[in-house]
Amino acid sequence: LEPIMSGVLDWETRLKSTGSWVFTAGLLPATSATVLRTADGEVAITDGPYTEGKEHLGGFTVISAGDLDAAMGWGRQLAEITSLPIEIRPVRAEGS
């Protein structure tokens with residue numbers, strides 16, 4: 001895990017040096033999740049992740065990229081470092 005974490009830190013340093021980094025957050029394990037669902041005017045609270053699955057989101061990084069190609073370039077680098085799937089998703093602009 002050490003070589004991967006070192007690569008991720010280098011990647012984040014490059015993001016910061018270009019002014020593209022906004023913030024990063026790691027998440028606790030999916031087992032720490034609490035889910036709230038509404039049904040018939042009531043809110044049910046349950047333990048565990050929103051969905052059952054073998055893959056869970058471990059963290060996320062918000063970046064500022066000029067366009068999708070630029071975002072994909074950063075995502076491609078991270079995928080190569082971690083060997084994990086990387087999802088790229090635009091942030092909805094305020095008011096849209």
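In helix 1, the buried residues are Gly 7, Val 8, Trp 11, Glu 12 and Leu 15. They span an arc of only 140° around the axis, so they end up on the same side of helix 1. Keep in mind that this is a predicted model.

**Helix 1**

- Helix 1 runs over 2-17, and its 16 residues reach 22 Å from the first C-alpha to the last, close to the 22 Å expected at 1.5 Å a residue.
- What do the buried residues of helix 1 pack against? Their partners are strand 1, strand 4 and helix 2.
- After helix 1 comes Gly 19, with a positive phi near 80°.

**Helix 2**

- Helix 2 covers 68-82; with 15 residues, helix 2 reaches 21 Å between its first and last C-alpha, close to the 21 Å expected at 1.5 Å a residue.
- Buried here are Ala 71, Trp 74, Gly 75, Leu 78 and Thr 82. They take up an arc of only 95° around the axis, which puts them on the same side of helix 2.
- The cover over those buried residues of helix 2 includes helix 1 and strand 4.
- On the face turned away from the buried side, helix 2 carries the exposed residues Asp 69 and Glu 80.
- Why does Asp 69 count as exposed? Its relative accessibility is 59%, and the cut-off for exposed is over 50%.

**The largest pocket**

- The largest pocket holds about 1400 Å³ of space.
- Its lining comes to 36 residues, and those nearest the centre are Gly 59, Phe 60, Thr 61, Ile 86 and Glu 87.
- Which elements each supply at least two residues of that lining? Helix 1 and helix 2 do, along with strand 1 (21-26) and strand 4 (59-63).
- Strand 4 therefore turns up in several places: it packs with the buried residues of helix 1, it is part of what covers the buried residues of helix 2, and it contributes to the lining of the largest pocket, where helices and strands are taken as DSSP runs.
- Sorted by class, the lining has 22 nonpolar, nine polar and five charged residues.

- Asp 40 is not a glycine, yet its phi is positive, near 55°.
- Where does Asp 40 lie? Asp 40 is in the loop between strand 2 (34-39) and strand 3 (42-47).
- Asp 40 counts as exposed because its relative accessibility is 82%.
- Ser 83 is another residue that is not a glycine but has a positive phi, about 60°.
- Ser 83 sits in the segment after helix 2.
- Is Ser 83 buried or exposed? Ser 83 has 66% relative accessibility, so it counts as exposed.

Conventions:
Residues are numbered from 1 along each chain as its sequence is written. This is a predicted model: local features need pLDDT of at least 70, side-chain atom pairs count only at pLDDT 80 or more; totals for chains, interfaces and linings use all residues. Side-chain values use heavy atoms; hydrogens and water are left out. On a 1 Å grid over the protein atoms alone, a cavity is a set of points where a 1.4 Å probe fits but cannot get out, and a pocket is an open set with protein on both sides within 12 Å along at least five of seven lines; lining residues have an atom within 4 Å of a point. Grid points are joined across faces, edges and corners, and a volume is the space filled by probe spheres set on the points. Helices (H or I, at least four residues) and strands (E, at least two) are DSSP runs, numbered from the N terminus. Ala, Val, Leu, Ile, Met, Phe, Trp, Tyr, Cys and Pro count as nonpolar, Asp, Glu, Lys and Arg as charged, and the others, Gly among them, as polar. The expected span of a helix is 1.5 Å times one less than its number of residues. Buried means under 20% relative accessible area, exposed over 50%, partly exposed in between (1.4 Å probe, protein chains only). The arc is that of the directions from the helix axis to the C-beta atoms. Contact means heavy atoms within 4.5 Å.
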